[in-house]
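Hi everyone, thanks for making time. Let me put the structure up, and then I'll walk you through a few spots in it.

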Amino acid sequence: MNLTITLLGTGSPMPHPDRAGPATLISAGFGLGAEHYLVDAGRGVLMRMAAVGLGAPNLTAVLITHLHSDHLTDLNDVITTRWVMTLPPTLPTPLTIVGPVGTRAVVDHILASLGPDIAYRIAHHEDLDQPPLVDVIEVIDGPINLPGNVSIRCAPTDHKPVEPSVGYRFDHTGEDGTASVVAAGDTVPCTGLDDLCAGADALVHTVIRKDIVANIPLQRMQDTLDYHSSPEEAANTAQRAGVGTLVLTHYVPPIPTGTAGDDWRALAAAHFGGIIELGDDLHRVEINTTLSPGA
Ligand SMILES: [Zn+2]
C-alpha cells in the first residue's frame, strides 16, 4: 500500500504564471479503483488535475484546511465541473467537502452565487434535473468518517487570526503495513500539528521565506510573517515528529520555475534529517508502506 502526493498548486495569493494556487492531491491506489483526496482548491486546481488525467468527478473528497480565499477560490469550479461533467449512465454522487466550522456557510454562499448558472443548465439540458449535490462535513478534531480505504483524521492548527484551521492525516493500511501522510495547510508550529504528525511517513507543509519576506518594505507582506511557518520551522516540526519525508509547498516568494530551490532545501536540511521534497507544480512524491513490526 502506498500514498501518492501530487503538488497541484505550489503558489500563494500572488498570481504566478507557473504556480497555481494552494492545492495538494493525496491518492491511494491506482487506476479505476484509486481514491483521490484534494486538500484545498486554489486557483487553477482543475487545470492541474487535468494535467494528471483527472477531473472533478474523480475526487473522493475535498478537504479544506481553512477558509482563506487562496485555499478555496476554485471550489466553485470543482462543484460546477463535477456536476456538469458527470455524464450518464454514471449517476451523480455528492461531492464530499470537509472543512473547519464555517465551511458549510461558505459552500452555501458559493451555491447561491451559482444560482443563475444552475438554473440555466437545468433548463437547457434535459438530463440535468437537479442542482449540484454536495455533502459538507464540518470538523474540529479527531477521526472523519468517510467511505473508502483511507483513514482520515484532523487536528486544529494555529493560523490565527484565521480560526478555525485544521490539518489532515491520511493513513492507508494494507496487508503489509500503513502509509501515512499529513497535510498541514497554513500554520505556525503547534501541538495540534505535532500530535497529527507523530510517526507519520510524510508531512506536506506550506512555508514562506521569513528571512526574505521580513526585508520586503511592505506592511501587507510583513503581516504574513506571524501566521505562517518558515522552512526551518516546518523542518523542526517534521524532525520532532519523526517524519520521514518533508514536502514543502506554497512558496513565498515563488521559487523560480525549473530551478531546484537549493536554498530552500538547505534551510530545512539544517533542522531535519529526512528526505526533503519541493518543486514545480505537479511534483509527485510516492510514500511507500512503512513495514509494521513483525510484518
Ligand atoms: Zn492561510
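His68 sits in the loop between β4 (61-63) and α2 (69-72); helices here are DSSP runs of H or I with at least four residues, strands are E runs of at least two, and both are numbered from the N terminus. Please keep in mind that this is a predicted model, where local features need pLDDT of at least 70, side-chain atom pairs count only at pLDDT 80 or more, and totals for chains, interfaces and linings use all residues. Residues are numbered from 1 along each chain as its sequence is written.

Setting aside neighbours within four places in sequence, His68 is in contact with Val162 and Asp186, where contact means C-beta atoms, placed from the backbone, within 7 Å.

Now to α9 (residues 231-241) and α10 (residues 262-269): their axes come within 7 Å and cross at roughly 45°. Those axes are lines fitted to C-alpha atoms, for helices over the stretch in contact, with angles from 0 to 180 degrees between N-to-C directions. The pair is therefore oblique, since under 35 degrees counts as roughly parallel, over 145 as roughly antiparallel, 65 to 115 as roughly perpendicular and the rest as oblique. Where do they meet? Pro231, Glu232, Ala234 and Ala235 in α9 touch Trp264, Leu267 and Ala268 in α10.

Within α9, Pro231, Glu233, Ala234, Ala235, Thr237 and Ala238 are buried. Their cover includes α6 (191-197), β11 (202-208), β12 (245-252) and α10. Just after α9, Gly242 takes a positive phi of about 75°. Leu203, leaving aside neighbours within four places in sequence, has contacts that include Thr237 and Ala238.

Most residues other than glycine have a negative phi, and most peptide bonds are trans. The bond from Lys160 to Pro161 is cis, with omega near 10°, and Pro161 lies in the loop between β8 (150-156) and β9 (166-174). Val252 and Pro253 are also joined by a cis peptide bond, with omega about -5°; Pro253 belongs to the loop between β12 and α10. Asp40 has a positive phi near 70°, and Asp40 is buried, with 30 other C-beta atoms within 10 Å.

Note on methods:
Contact = placed C-beta atoms within 7 Å. Buried ≥ 20, exposed ≤ 12 C-beta atoms within 10 Å, placed from the backbone.
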